[in-house]
Amino acid sequence: MTNSMNNTIERLKSIIRNLKVEEIDEREVKIEIKPEMVLNALSLLKGSGYSHLSIITAVDWIEENKFELVYILFSWNDGGKFIVSTKIDRKKAKFVTVKHLWPIARYYERELHEFFGISFEGNDDMRPLFLENWDDLPPLRKDFDPMEYSKKKFPDREYHKDVIHEAKVIRGDLNG
Amino acid sequence: MGEVKLFFGPNHPGMHGNFSVHMYVEGDTVERARPLPGFLHRGFEKLMERRLWYQNLALIPRICVPEPDINEVCYAMAIEKIAKIDVPERAQWIRMIILELARIASHMMSFPGIGGPLGLYTSSFWGVADRDRILDIFESLTGARIYHMFIVPGGVRKDLTPKIQDLIVKTLDYIEGRLPDYEDLIFKNRIVHTRLKGIALLDRETALELGVTGVGLRATGVPYDIRKVDPYLFYDKVDFEIPTATDGDAYSRVYLKYLEIYQSIKIIRQCLEKMPEGKVNVPLSEGSALRYKVPKGQAYVHIESTRGEYGYFMVSDGGEKPYRVAVRGASYPQTFIGVEKYLPGTRIEDVPIWLSTMDVCAPEVDR
Amino acid sequence: MSTNERSIWEKIADQLRSKSLWMLHYCTGCGAIELPPSMTSRFDMERFGMGPMATPRQADILFITGYLSAKTLRRVIYTYEQMPEPKYVIGFGSCTLNGGIYYDSYATINRLDYYIPVDLYIAGCMPRPEALLEAFNELMRMIRKGEANGWKRYKENYEWYKQNQLRSLGEVFIHDEFHE
Amino acid sequence: MISLTNLILVFLIGSIVSYLLTKANKILGSIFNFLLISYALYVVWNIKVGHEEVLFRILRDVERTLKVTNLGKYFAIVSLIVISFVAFFIIEWIRKKDIKPAAFNSFLLLMVSGILGVFFSNDLLTLYIFWEIAVLGSFLIVPMGKKESKRAAIIYVVTSAIGSYMYLFATFSIYQRYGILSFEQVSQYLANDSSNLFKWFVILFIASAGIAKSGIFPLHTWLRITHGNAPDAFSAVLSGQLVKMGSYVLAIALSVFPTTQLFSSFYHGVPLLNYVLIWLGNISILIGTFMAIRQNDMKQLIAFSSIANGGYILVGLGIMNSIGYAGGLFHVFNHAIAAAMIFLSFAAVVYRTGTTKIDEMGGLIWRMPWTFVTYLVGIISLAGIPPTSGFISKWMIFSSLVSKGMFITLAITFIGSVGSFLYVFRPLAGVFLGQLKRKHSDVKEVPIIMLVPMLLFVILTILIGVYPKPVLDSIVSIENEVGIKAIEHSGTIIKTPLGQWNTLTVFTMFSVGFIIAAILYMIFPKGKKVDLTDQYTGGEYLYNYDLYHYATGFYRFIERLYDKHPSFEKLYEKLVSFFRYIGYFTYKLVYKTSPSGYVFWITIVILILFWVRW
Amino acid sequence: MTVLRVIAVLLTGFFVGLTLEGIARKIMARVQRRYGPPWYQNFIDVFKALSKRGISHGWIFDFGILMALGGVIATLAFVPLGDLVAFPGLDNIFIIVYLFAVGALGMAMGMVGSGNPNASIGVARALTQMLGYEVPYLVAIAGVLYYYKTSSVSGLMMAQQDTWTLFKMPIGGIVAFISLLGMLGKKPFDTPIAPAEIASGPMVELSAKYMGLLMLMHTFSIFVEISLFVDIFLGISNYLTFLLKFTVVWIIATLISAVLPRFRIEQVVKFYWKVPLSLAFVQVLFVLLGWVF
């Protein structure tokens, strides 16, 4: 762990009790905190140089019945990465927005809403973005089965003649 | 009153890839713009959860078309980080060579590709033809032109034979010899200057606030490159520079790409020199590689792609398949906030230039 | 099939059509990356009289480059219906043929000829530019012989195709907040 | 045959009759108007050149009040054709007009009586009197358009007054110096006058009435405001006829007092005075063209085009050689017809849609095809494209400019000519072509009575374009009358020193080309007719096709080049506000409401009276 | 005889125009380091386009195309091709230039009649570009007319007995050539049809037969424009030398356009009114002063 990351963690510890720190490698640290402290932690990290938001994403821990929200912050000064993670209830998937800290968070959150069904307070723009006419569970949840959906919606090629015309096929990936 | 709705894409010729921008135009100036992604959405992150660790190797290059190798490197490095695998040194050097070759290939398409929006088709034609030489290297190395599936967790699939090294050296010499022609054709043309300079401006504060990375950020004057700031592979052991510009406009972005090709050539030459002999991969596990299991853990790996920070966040629960993989597309900020906030005010003539120099790349955004 | 009968004028016209195929500049998927090499200096499609065209109105070939998400398929159908007749469709890559590597994806379709008539498929991922040129030559031969008549089949079996489209897409002409 | 005096009297009385008739029934009054004006056209058509009459005498033995000249007859016929067609148009149009139809009809006749007097008056004073009658009639009609058009009428009458008072000043100066007023005598006296300064003064001041009326720079600003606000059908008269009254005065100032003989040549036979006037014309062309390009109101757009075409006429008349003068006169005819056509088609559009803003309409061709045809032929003529008559006059003007070697003027006329393609296309694309707005989806074509005069104009334009002999004949007689070498023509072939052209051949060849194209069109497979809403949208869906009509900022990219242009309108606004400020100041000073103020002023007056010992 | 001559002119326009366009594509391909299409490719393209079943947006769309092609065919008939003059004495330069505008207006009307805003923008740009190039062109030509005292094109050609006008008035010749590039819509002046910006602009809704007719019209227009330049500036020629000169001018224009990107539209107008227009005025000043070589 680099010095500046150590300092930052000390400062984080001063405002957040029982901080779980896990060192992944010398420039990558994962911290797990309670949902209510996330905003404080993120603003503190942003203030201490970790101002580049790489990604906001979520992990669906279906057995624990939790969503893990992950904020990855990066510092251009020392190359350190913080993975800020927090777990929220899967049933009431709701969290607060960070779009005032990073404008792009608006779209990450919109995406998470579309793919996981997590809603963010303060971010009203939750219209579907990537999928049109989606009529099933949010697709990245673990209990959604894409194969089943694909079978239901998009018929496979059946290798007997029921189509009107069997088009000609050229093998293209071999030479010639 | 009087607004016209114009569409850029998906089958508009000014749009690279399958992406759509809805613009409300008044006169010839864009008043409002809305990005509409999702045409290339395949649900990669879900598909990867359904495939074995090794099967995924075939899937991941297809996330990003112009430069697929970054996915393979990211994926391999993430697994290696979680499983704490030591990769042979030679394999790391070969990976660097592949990455830089891919960078040249991508840049050879994108910087002369400015000829498309500008109408200077000759440059795009030349660029694509010269890029093909690099694809030839890939073909003789891996057997495929576009999707190589060459980099595997634990190393690379095959060694770089002297013959291929020779081919690389020759091709680099050729490309280095061709580059001045492009300079004459594009960067010395005064019409190009009038079309590109001062267009699609992005200042440093905005770029940093949005999280724009790569050439878009460096064109505003900050030498932020993940290869330098957070070195991966052996990028701290080679000597190269980060070209920067101060204007933050379309011209400086295009010109930076051109300059980066020189740096990549320099890196590859050093790699070929410094590469030690030895093994190029380590077996991951005993028995079938398909049954390989990555231990429980999480990691975030990011590398510098041609468009900026490209990252993989990987979660393993110790099973046969990845538990969750999230991909950070490099052009995510430009594509959404950029189009929505900074495209308005641009004129219709400059919209294709804006989109092409900001590197709006649909596949990695949609995934 | 009766669709194969042509008048003498049609035969002459088909000869001409085969030598001047304009294709729509539409990158539906990752296969679009192999189009520039085949268009430009190395493989040079223009020597066969082929060229990219800006709008579907002027195009003869709709070239489906790779996988189609449901969202893109809507646009492809719309674009196909906008093209003037006769029109030909080439499916490029395994994904259009049987879903390819995305066979289990919730967003991509598995079979293109279920929705619009396809005259020719190029299998593989990614097919090489040589395969592309080979396919074009094959298409030219088919046009000359009057075999490439997917557009006629589309008209004849319009109901069938429409029904399939509706089954997979819900509605083809989407009318949401993006499309006022 | 009724005498001219009686004709004018008939019109004066007729205006009262018309008022009463229209009060009783709108349509009846309009029909009466039309009949009366057609009768006047019939009389004027058959009148003999050289016929003289005495209407009244104010100053003894200096006026020979009415005389028919070729020039006057030509202008009168053109004017009466335009007005009678418009009067026919008004029969239907007036049904929808709710502001004072009776007054409108009666003032129209009043105006026509003035016009008749102007074109046949034989001396400066009579011309002035009738001029003012015509101005009075039109001035009273202008505020009947929109609600806020009173201001427009005032600007119109003030600009007109500036011109006519300068004219009056010149008239009285002539009377004081020579004691005569009729045109022939004045021109004789002027020819013998030694003072160049006086000649300059007289001709410039007389011309200034024409400058004000035909909207030449620097008195051009009224045209936009007046046209924008005048009643729609009256705009056709305003632009098609009243503006030509100004051209008539210009023609008198330049040719009846022959400037080429009065002054020495300055540049290739053109005197300096003409050169100055030509430059005023040039500036008008530039202003008219470039300002028309940026208008979004279709009537104001054509108003600016009238400024540019007034400039053309002045350039043509100013050259004063046989081709140029003929070109100017021919352009009077062309522009009168074309502007009337265009304004009538606009009146028809406004009649149905109720707006003049270009970007509020679109696709009206699918609902009003005949109106579109009128507008199309009108703009082809206005832009000077063969085979319509508009090209003939432009070609004559170009030829004379080339042969005189006036290249800067030539370049400016080219700009005006190419620029006219730009501005006439804007309403074409914005109003008639493009996507039909949803709110206009049930608009219908205007009634047949309104269509007839519009289509007659179409036929007239093409007819004269193919067979220009009637107009050319009268131009030849005018040129003979004013002592310019007449142009050579033989029906369809017009000859100039630079070459000739045959209108019939061009038209035939155009027809042949069209037929070839049509044959090609026929033999190849028939196209599939699709809806207007089946559009290329880059593959995306659009349902509100109101959003798919490009009309706002049609030429934004070129407008941007002169966004910060100097504006005379603003300058005049500033002057107005300055005067208003002065007036306000004086008002405050003089009419101060406090008693002390009155006391102060009374004291001052008494002091002055004492001081001058009056 | 007149009929035969007209037919000869039209056929020359058709065959030579389409062939040269094919050759231009070949040259372009060679600059771009590729093989290029065969020289007869454009014939195939035109007839293929004509043979397809197009899409029409109503009568004005059809009428516009017909007016465009008809106008250009009419114009072409008046253009002298060396010693092949269909209407001797009537080939007035102003008539040709203005009759040409019929075609332009017809095209603009038809395209905008399709109801697509891309087409409207393209047409607005095309008209603006016309404002750019016509003025310097006509001023340069007017200098020639003033010098030779005739406005008949064949008269202008016959007057160049001692030397070519190009050498007598080199500045005017250059101005006319630059304007010619704008008329032809060659780069850097192909802004009206910029595909990447407005999806090929005016042609956006043109399909099949309409496209074919437009291609014919385009071919004829190119022929008219270059013929005027050759006739006025490149000396006396008979039919064959005329075609030779024509080819040379066309190839030079193609080569220039191969290596230049396109202007923004107001840059076109600015450029034309800054450089060629002032040069044209210099040229006419020389003509007025009698400084003609």
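Two residues are said to be in contact if their C-beta atoms, placed from the backbone, lie within 7 Å. By that rule Ile96(E) touches Thr75(E), Phe78(E), Val79(E), Asp91(E), Val153(E), Val224(E) and Leu228(E), where residues up to four places away in sequence are not counted.

The model is a predicted one, in which local features need pLDDT of at least 70 and side-chain atom pairs count only at pLDDT 80 or more, while totals for chains, interfaces and linings use all residues. Residues are numbered from 1 along each chain as its sequence is written, and chains are lettered from A and ligands numbered from 1 in the order in which they are written.

Ile96(E) is also among the residues with the most contacts inside the largest nonpolar core, which has 571 residues. Such a core is a set of buried Ala, Val, Leu, Ile, Met, Phe, Trp, Tyr and Cys residues joined through C-beta atoms within 7 Å, and a residue is buried if 20 or more other C-beta atoms lie within 10 Å of its own.

Between two other chains, 34 residues of chain C are in contact with 30 residues of chain B. The side of chain C that touches chain B divides by class as follows.

| Class | Residues on the side of chain C that touches chain B |
|---|---|
| nonpolar | 18 residues |
| polar | 10 residues |

Terms used
Buried ≥ 20, exposed ≤ 12 C-beta atoms within 10 Å, placed from the backbone. Nonpolar A, V, L, I, M, F, W, Y, C, P; charged D, E, K, R; others polar.
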